[in-house]
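Please look at the sequence and structure first.

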Amino acid sequence: MIKIAGYDDFVKLNYKPKPTDIIASFKVKVPKWQKNKTAFGAVASESSVGTWTTGLKALHYKHVQKVAAKVYETKKASKDSYWIKIAYPEKHFEPGNMPQILASIAGNVFGMKTVDGLRLQDIKWTKSAVKAFPGPQFGIKGVRKIFNEKKRPLMLSVAKPKVGMTTAEHSKVGWQIWTGGLDLLKDDENLSNQWFNPFQRRVTTCLKLRDKAEKLTGDKKSYLINVTAPTVKEMENRAKFVAKMGGEYAMIDICTSGWTALHSLREICSDLGLAIHCHRAFHGAFTRNPQHGMSMILMGEITRLLGGDQLHIGTAGVGKMVGGKKEVLEIEDHVTESDHHIDAMHRKITHPEVRPNPKENTLGQDWYGMRPVFPVASGGLHPGIVEDVCKKMGTDIMLQLGGGVHGHPDGSYGGAKAMREAVEAYIDGVDVDEAAKTSKELKIALKKWGHIRPK
Ligand code: CAP
Ligand code: MG
């Protein structure tokens, strides 16, 4: 047992972590005026039981020390920053309470003067910590079953412009993309229940057209309906309405709504049998700066634990949003990996791209059978770029094209057809320029946006 007095006492480099320890990997930028050991110890102290002063009598109580964290490994990362690993006894936490867990590990520590920068890169969860969370209800296989589609990427499109259209205009876009060959219509992250396109009217009108499109095409069609709401109670009402009207999905803005909202929605949706689509708007505020904040890799893991079935993870550097190839493939691995031996074989088929070595200081994770999350590639994509994304991320993904469909000179229907044909060409191993010879819509799309060949 460690004798805790000051920050330095939270650094125990001879400590061997136990299977009952939750491990966090941090990058710490140490201020010039501070000792490394004190900066490291401060992160463990303030994220577990300690504070800035000595003389806290209760800090010496055995039962308090039992739930204290320890820095057990440090490694230089650059001139003034270090990778450290901290072990937290799982008894420190309330099982299954993500906001509490993050209030410890990812709480005040980001605002302390005693570090110049702090990046929480990854957490390794113990077996009981994983088991205390619901995980995805559907996962990749369950979602593919909804569409009875085993192989190709699932295709969705966000109605654009993002907000402002009336329900009639919005639903017409839905009709065009469904009949044009896409699987899913999607609400944009900032569309909820505004006066110009009220929630219930939108759901009712669009799902009626969805039913017609299914009859016409013979294919399963669905709609990612944004149930993000001011309160969890209202979010529940919206999810219930979706289920009552025959929808299969509830979409939520996980970062602006918070982890309690996502966990609550997971419970609500297991009763309603709805799959959960997770949009990550706002994530960039804390994931973008590699020297500070929390990684998207960890965000992906938390979303998986809390039960998101689908999550936007980026486009491996191809589209309009930040997130390079290495990072996005790493996120993809963390949200989709399951029982390694099966996965490795499956991955060879669906992920031809050789995986780069795991990013430094991410921690392997056993998921104890928890279902994988379906990765969503979205943001600045168009039919001429589909090949590059699939080559990098594989085909076990969902592809979202908003502007890349609705900006098509022939409108949303033409854009949807072009996207469908680009994806089918990739699956059939046909060069997209070749496929464009027999598809007017694809030809027009490639003429407008070009054909980006994978490098
Ligand atoms: C894409 C999108 C998505 C982003 C989110 C948008 O539209 O609807 O919200 O992809 O980013 O509003 O920008 P386009 P990420 O297809 O027209 O670009 O997927 O990285 O979370
Ligand atoms: Mg959007």
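D188 is buried, with a relative accessible area of 2%; buried means under 20% relative accessible area, with a 1.4 Å probe and protein chains only. The model is predicted: local features need pLDDT of at least 70, side-chain atom pairs count only at pLDDT 80 or more, and totals for chains, interfaces and linings use all residues. Residues are numbered from 1 along each chain as its sequence is written, ligands are numbered from 1 in the order in which they are written, and side-chain values use heavy atoms, without hydrogens and water.

**Metal site**
- D188 (OD) and E189 (OE) coordinate the magnesium ion (ligand 2) at 1.9 to 2.1 Å; donors are N, O and S atoms within 2.8 Å of the metal (3.2 Å for Na, K and Ca).
- E189 is also buried, with a relative accessible area of 18%.

**Helices α7 and α8**
- Helices are DSSP runs (H or I, at least four residues), numbered from the N terminus.
- The axes of α7 (residues 199-217) and α8 (residues 232-244) lie 10 Å apart at an angle of about 20°, the axes being lines fitted to C-alpha atoms over the stretch in contact, with angles from 0 to 180 degrees between N-to-C directions.
- α7 and α8 are therefore roughly parallel to each other (angles under 35 degrees).
- F199, Q200, V203, T204 and L207 of α7 make the contact with R238, F241 and V242 of α8, where contact means heavy atoms within 4.5 Å.

**Helix α12**
- Eleven of the eleven residues of α12 (residues 296-306) are buried, so this helix is largely enclosed by the rest of the structure.

Terms used
Buried means under 20% relative accessible area, exposed over 50%, partly exposed in between (1.4 Å probe, protein chains only). Helices (H or I, at least four residues) and strands (E, at least two) are DSSP runs, numbered from the N terminus. Angles under 35 degrees count as roughly parallel, over 145 as roughly antiparallel, 65 to 115 as roughly perpendicular and the rest as oblique.
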